[in-house]
Amino acid sequence: MTTVLQKKICMLGGFSVGKTSLVKRYVQSVFSETYLTTVGVKIDKKTVDLSDRIVNLILWDLAGEDDINSLRMTNLRGAAGYVLVADGTRPSTLDVALSLHKRVEADFGPLPFVLLLNKSDLKEQWAISDIALAELQQRLVGAAKQRPNRRRRGGCLQGPRGPRFELNDGSPTREPGRTSARADL
Amino acid sequence: MEVLPASLAERLRELTYNERAVAYLHVDAALTLMGADGHLDNYGLAAVRLGEPVVEQVYFLEGLLPLEESSYFVPSVELDSGRAADLHFHQDGATVWVVLLDVTAARDAARQMQQKAYEMTLLQEKEVQLNRRLESLNRDLEAANDFLVTISTKISHYLAPQIYKSIFSGQKDVAIHTGRKELTIFFSDIKDFTATTERLQPEEITFLLNEYFTEMSTIALKHGGTVDKFIGDALISFFGDPETKGTVEDARACINMATEMQSRLAELNVKWRSAGKNSRSACAWASTPASATSATSAALTAWTIPPSVPRLISRRVSSRSPSLDI
């Protein structure tokens, strides 16, 4: 009998970075050019069929962080991991993502996370340099490695790699795709 | 707590139940669904099965049960049905009540406001980014302009000031074309220059020529002449291009220039003589129609003087006494 796992994953990031579009693309294979802001949280389910088990990803698409809306940390209760989303064309959203990462770590400890830089289709408008990204990747992965006996750790995901969800038991689930919600999954 | 009149309390209960589409789930300690009722269909929960694990049926409860505190609230949760609900969790002994209250209308109103605020902020961010790009482009343009200024300054040393000015001010086109114009052409050279050079060291010759040409060019420019070129010890200038006051006035200006040149040369001769150098010049001029052409190359545009003119001028120069004749 195939084991069924269910994991809550939260999408975090500044407003208008594309969290909702990524989830919609991932779950429904649909992309819309129209920007529609999220109020509160939108919850979707994505079933991923692995060879030996089925995983239901319960995706909490949380309202974007800004000056008015601040993340309700209680929304992360029970989360198995989270995806930090930033917009490559808006460097300030990377700062927001890193700030959220700190706050989540302070409240929930080192949950698995993935930093995802969205809008790779607007690469010509990107304002985050490759050098800055390389430094960031080293910093995040390095920080995770320095913690002993931690099976959960984060990574930096950039470019044409798909959203990666690392489960509590350390097994990665990966769907092929790009960081742009426009791209085919 | 104040108690509401019974009829009012009942009305409020009805209003809340209907307007907020109240629905509830009752979950036991083993996370099994014990009970469910109310407007379940409003939230896509009409098919829930009692006696079965609740989290498998109501997936948005994943991670939220069992409760960490007795009372807990998650605002504005958009569910599969598209409706938005506030989720209220209430611990009741070993069981938990999950109450759903519809807040779709409030969510939509908040979204409208938030959408406008975000769009405004995005526009402001875009403006800042565009301004930065504009500043960067301006810096590039300034750098390019500085480069052009440097180059044009260097070029200016190889062009007559009038020509330089007329080209770089945009008055004169440098396109390839042929034209015809009446110019007063002036020619002068230093008498017995070859013999003089044999007596002097190269550095002395350079010094003498530099001073001579500097002085003569200054006088030419003062009178509106265009210094065309230096050939060895010869100076050729003309009047009538790029600015002209008419053929007669141009010729008059040329005469005045030549007179002043001779006077200045006399002064220079005194100076040079005391330094062991002596020099005299002869000059002549002629007014003639001249044609300007690029010949076969776009590399150079210059006035081409009909061959008869230099011969005429040359004869005039050689037939006259050097320091006197105009």
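Let's start at A:Leu84. Leaving out residues up to four places away in sequence, this leucine touches A:Leu12, A:Gly13, A:Ala97, A:Leu100, A:His101, A:Phe113, A:Leu115 and A:Leu116. Please keep in mind as we go that this is a predicted model.

Those contacts belong to a bigger picture. The largest nonpolar core has 63 residues, and A:Leu84 is among those touching the most other members, together with A:Ile9, A:Leu12, A:Tyr82, A:Val83 and A:Val85. Which element gives the most to this core? Strand S4 of chain A, residues 79-87, with 7 residues. Another core lies apart from this one; that one has 22 residues, including B:Phe187, B:Tyr212, B:Ala220 and B:Ala258.

Two of those names, B:Tyr212 and B:Ala220, take us to helix H6 of chain B, where both are buried, along with B:Leu208, B:Met216 and B:Ile219. Why do these buried residues sit on the same side of H6(B)? Because they cover an arc of only 100° around the axis. There is a general rule to remember here: an α-helix has 3.6 residues a turn, so residues three or four places apart point the same way.

What covers the buried residues of H6(B)? The cover includes strand S7 (226-231), strand S8 (234-239) and helix H7 (247-274), which belong to chain B. Now turn the model around. The face of H6(B) directed away from its buried side carries exposed residues: B:Pro202, B:Glu203, B:Thr206, B:Asn210, B:Thr214 and B:Lys222.

As for dimensions, H6(B) runs over residues 202-222, and its 21 residues reach 30 Å from first C-alpha to last, close to the 30 Å expected at 1.5 Å a residue. After the helix comes B:Gly224, with a positive phi near 90°.

Next, the place where the chains meet. Chain B puts 22 residues into the contact and chain A puts in 18. On the chain B side, S3 and helix H3 (104-156) each supply at least two residues. H3(B) gives the largest share of that side, 8 residues.

Parallel or antiparallel? Strand S2 of chain A, residues 41-49, runs parallel to S3(B), and 2 bridges join them. In those bridges, A:Val41 has B:Val77 as its partner, and A:Lys42 has B:Glu78.

S3(B) has a partner within chain B as well. This is strand S4(B), residues 84-92, which runs antiparallel to S3(B) and is joined to it by 6 bridges. If you look for B:Tyr72, you will find B:Phe89 of S4(B) standing opposite. The two strands form a hairpin with 5 residues between them, and in the turn B:Gly82 has a positive phi of about 90°.

One last stop: B:Leu33, in strand S2 of chain B, residues 33-38. Is B:Leu33 buried or exposed? The cut-off for buried is 20 or more other C-beta atoms within 10 Å. B:Leu33 has 22 C-beta neighbours inside that distance, so this residue counts as buried. Beyond its neighbours within four places in sequence, B:Leu33 is in contact with B:Leu25, B:Val27, B:Val48, B:Arg49, B:Leu50, B:Gly51, B:Glu52, B:Val54 and B:Gln57.

Terms used:
Residues are numbered from 1 along each chain as its sequence is written. Chains are lettered from A and ligands numbered from 1 in the order in which they are written. This is a predicted model: local features need pLDDT of at least 70, side-chain atom pairs count only at pLDDT 80 or more; totals for chains, interfaces and linings use all residues. Two strands pair if DSSP finds at least two bridges between them. Helices (H or I, at least four residues) and strands (E, at least two) are DSSP runs, numbered from the N terminus. The expected span of a helix is 1.5 Å times one less than its number of residues. A residue is buried if 20 or more other C-beta atoms lie within 10 Å of its own, exposed if 12 or fewer, and partly exposed in between; C-beta atoms are placed from the backbone. The arc is that of the directions from the helix axis to the C-beta atoms. Two residues are in contact if their C-beta atoms, placed from the backbone, lie within 7 Å. A nonpolar core is a set of buried Ala, Val, Leu, Ile, Met, Phe, Trp, Tyr and Cys residues joined through C-beta atoms within 7 Å.
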